[in-house]
Amino acid sequence: MIVENNNNDVRQMQQRVDNYISQFKEGYFSPLSMLARFTEEIGELAREINHTYGEKPKKKTEVTNSIEAELGDLMFVMLSFANSLDIDVAEAFDHSMTKIETRDKNRWTKKELEREEND
């Protein structure tokens, strides 16, 4: 999947989350509570991965859920967490990608090299 680098999309998602949260008096949770929510959502994603790709099938009584839904929940919590700490996720992601693209640029076998070796 190829996605164009459009930081405005991520910023719009952060704004949408902020618009939702800002309508409530309680506002954002504390960082510790956000971390607990993030961890909870990671666990729910792990459960779905285990049901889909692991050896543990769902019980017939379990609610149907999907990896996609859990990733969406995780994204909402991550954006909420970032907003609560005034972090621009697009900027944070750009810094991380630049670091990874530099640090790991020769770590893996590139597809072009693999094709050349097979010719």
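**View 1. Asn83 and the residues around Asn83 in the predicted model.** Asn83 lies in helix α3, and the structure shown is a predicted model. Is this residue, Asn83, buried or exposed? With a relative accessible area of 13%, Asn83 is buried, because the limit for that class is under 20%. Leaving aside residues up to four places away in sequence, Asn83 touches Gln14, Val17, Asp18 and Tyr28.

**View 2. Asp73 in helix α3.** Asp73 is likewise found in helix α3. Its relative accessibility is 33%, and Asp73 therefore counts as partly exposed, a class that falls between the 20% and 50% limits. How far apart in space are Asp73 and Ile42? Their C-alpha atoms are separated by 9.3 Å, while the two residues stand 31 residues apart in sequence.

**View 3. The second largest pocket.** Rolling a probe the size of a water molecule over the atoms shows where empty space is left. The volume of the second largest pocket is about 160 Å³. Which helices each supply at least two residues of the lining? They are α1 (7–21), α2 (31–53) and α3 (67–84). The lining includes the aromatic residues Tyr20, Phe24, Tyr28, Phe29 and Phe76. Also lining the pocket are Ile21, Glu26, Gly27, Met34, Arg37 and Ser80. Tyr28, one of these lining residues, is also among the residues that Asn83 touches.

**View 4. Helix α4 and the cap at its N-terminal end.** Helix α4 covers residues 89–103. Asp88 caps the N-terminal end of this helix, with a side-chain oxygen 3.0 Å from the backbone nitrogen of Ala90.

**View 5. The whole protein, for orientation.** The secondary structure consists of five helices and zero strands, in the order α-α-α-α-α from the N terminus on. Of the 119 residues, 16% count as buried, and Asn83 belongs to the buried class. The accessible surface amounts to about 9900 Å², with 54% of it belonging to carbon and sulfur atoms. Among contacts between residues at least 6 apart in sequence, 65% join residues at least 24 apart.

Methods. Residues numbered from 1 in each chain as written. Predicted model: local features only at pLDDT ≥ 70, side-chain atom pairs only at ≥ 80, totals over all residues. Heavy atoms only, no water. Helix = DSSP H or I, 4+ residues; strand = E, 2+ residues; numbered from the N terminus. Expected span 1.5 Å × (residues − 1). Polar contact = N/O pair within 3.5 Å; in protein donor to acceptor, adjacent residues only side chain to side chain. Buried < 20%, exposed > 50% of the residue type's maximum accessible area, 1.4 Å probe, protein only. Contact = heavy atoms within 4.5 Å. Areas by Shrake-Rupley, 256 points an atom, 1.4 Å probe, with all protein chains shown as cover. 1 Å grid on protein atoms, 1.4 Å probe; cavity = no way out; pocket = protein on both sides within 12 Å on 5 of 7 lines; lining within 4 Å. Points joined across faces, edges and corners; volume = space filled by probe spheres on them.
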